[in-house]
Amino acid sequence: MSKYNQIYSDLLASITTERLERGARLPSETELMDSYQASRGTVRKAIEQLQERGFAQKVHGKGTFVLSTNPIEFQLGGIVSFQETYPRLGNDVSTEVVEFTQIPLEGPLLEHIKAAEGSLITRIKRVRRIDGKRVILDINHFVSDVIPGLSRDIAEQSIYAFIEQTLQLQIAYAQRTIEAVPRSKDDQQHLDLDGQSHVIVVSNQTFLQDGRQFEYTESRHTLDKFYFSDVARR
């Protein structure tokens, strides 16, 4: 095993077994260099890998600290609902609908939804809890003419299941962006941020097989619970 893999594996084991708990400081680069007789570049590579996977975060002038002992992978390559993804990971998950309303399509939303101005939009805000912690705020906008019959009860379960099984519509593709943004008032009200100043926002414009856009959603994630992955091919 290479020095890099050994350092990474040992630190990862310490985090996942909670010998190093959330908020704990990792050994310094100098300490790791001495312990493993490794170069600074090798040590940094191992620490950067922990950061990329959501296990640790470097704080300038203070060191590197454990973010989470069990970050959840968010795969960017598919279109799956919350209900399809997280329960099968063995986590305790729940959904709370904190807003369910209908609004006209106007203002900034026109940039994100391909429908006539003034069209009726069903806006739903849902707080997702994983293992008791509020870690995702989903802000959904559905074109009401395309997705009729939505209700608060459906929103508490799976909207995608309703679309595909009840309405018999085929979800085809999504245009997706991901960015880190300063926390909003909604984030502060509905997420357990634990002092985090930013959130990760995954935005989706989602379309049916016939080309109609039916949804624009912002999924706002806390920094400490997720890492994002994709498969790239040349």
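Helices (H or I, at least four residues) and strands (E, at least two residues) are DSSP runs, numbered from the N terminus. Residues are numbered from 1 along each chain as its sequence is written, and side-chain values use heavy atoms, leaving out hydrogens and water. The model is predicted, so local features need pLDDT of at least 70 and side-chain atom pairs count only at pLDDT 80 or more, while totals for chains, interfaces and linings use all residues.

Let's start with a loop. Aspartate 131 sits in the loop between strand S5 (120-130) and strand S6 (133-143). Although aspartate 131 is not a glycine, its phi is positive, about 55 degrees. Most residues other than glycine have a negative phi. Aspartate 131 is partly exposed, with a relative accessible area of 43%; here buried means under 20% relative accessible area, exposed over 50%, and partly exposed in between (1.4 Å probe, protein chains only).

Aspartate 194 is another non-glycine residue with a positive phi, about 50 degrees. Its place is the loop between helix H7 (185-190) and strand S8 (198-208), and at 54% relative accessibility it counts as exposed.

Helix H1 (residues 3-16) has 14 residues and reaches 20 Å from its first C-alpha to its last. That is close to the 20 Å expected at 1.5 Å a residue, where the expected span is 1.5 Å times one less than the number of residues. Which residues of H1 are buried? They are Tyr4, Ile7, Tyr8, Leu11, Leu12, Ser14 and Ile15. These residues cover an arc of only 160 degrees around the axis, which puts them on the same side of H1; the arc is that of the directions from the helix axis to the C-beta atoms. They pack against helix H2 (29-36), helix H3 (40-52) and strand S2 (63-66).

**Nonpolar cores**

A nonpolar core is a set of buried Ala, Val, Leu, Ile, Met, Phe, Trp, Tyr and Cys residues joined through side-chain atoms within 4.5 Å. The largest one has 22 residues, of which Phe142, Ile147, Leu150, Ile159, Ile163 and Phe214 touch the most other members. Strand S4 (93-104), S5, S6, H5, helix H6 (159-166) and strand S9 (213-221) each supply at least two residues of this core. The largest share, 4 residues, comes from H6. A second, separate core of 18 residues includes Leu20, Tyr36, Leu50 and Ala56.

**Salt bridges**

A salt bridge is a side-chain nitrogen of Lys or Arg within 4 Å of a carboxyl oxygen of Asp or Glu. By this rule the count comes to 12 salt bridges, including these:

| Pair | Closest N and O atoms |
|---|---|
| Arginine 123 and glutamate 99 | 2.7 Å |
| Arginine 128 and aspartate 138 | 2.9 Å |
| Arginine 212 and aspartate 210 | 2.9 Å |

Arginine 128 lies in strand S5 and aspartate 138 in strand S6, so this pair ties together parts that are 10 residues apart in sequence. Is arginine 128 buried or exposed? Arginine 128 is buried, with a relative accessible area of 4%, and aspartate 138 counts as buried at 6%.

Arginine 123 is partly exposed at 25%, whereas glutamate 99 is buried at 19%. Salt bridges that share partners join Glu99, Arg123, Lys125 and Asp186 into one network.

Terms used: Contact means heavy atoms within 4.5 Å.
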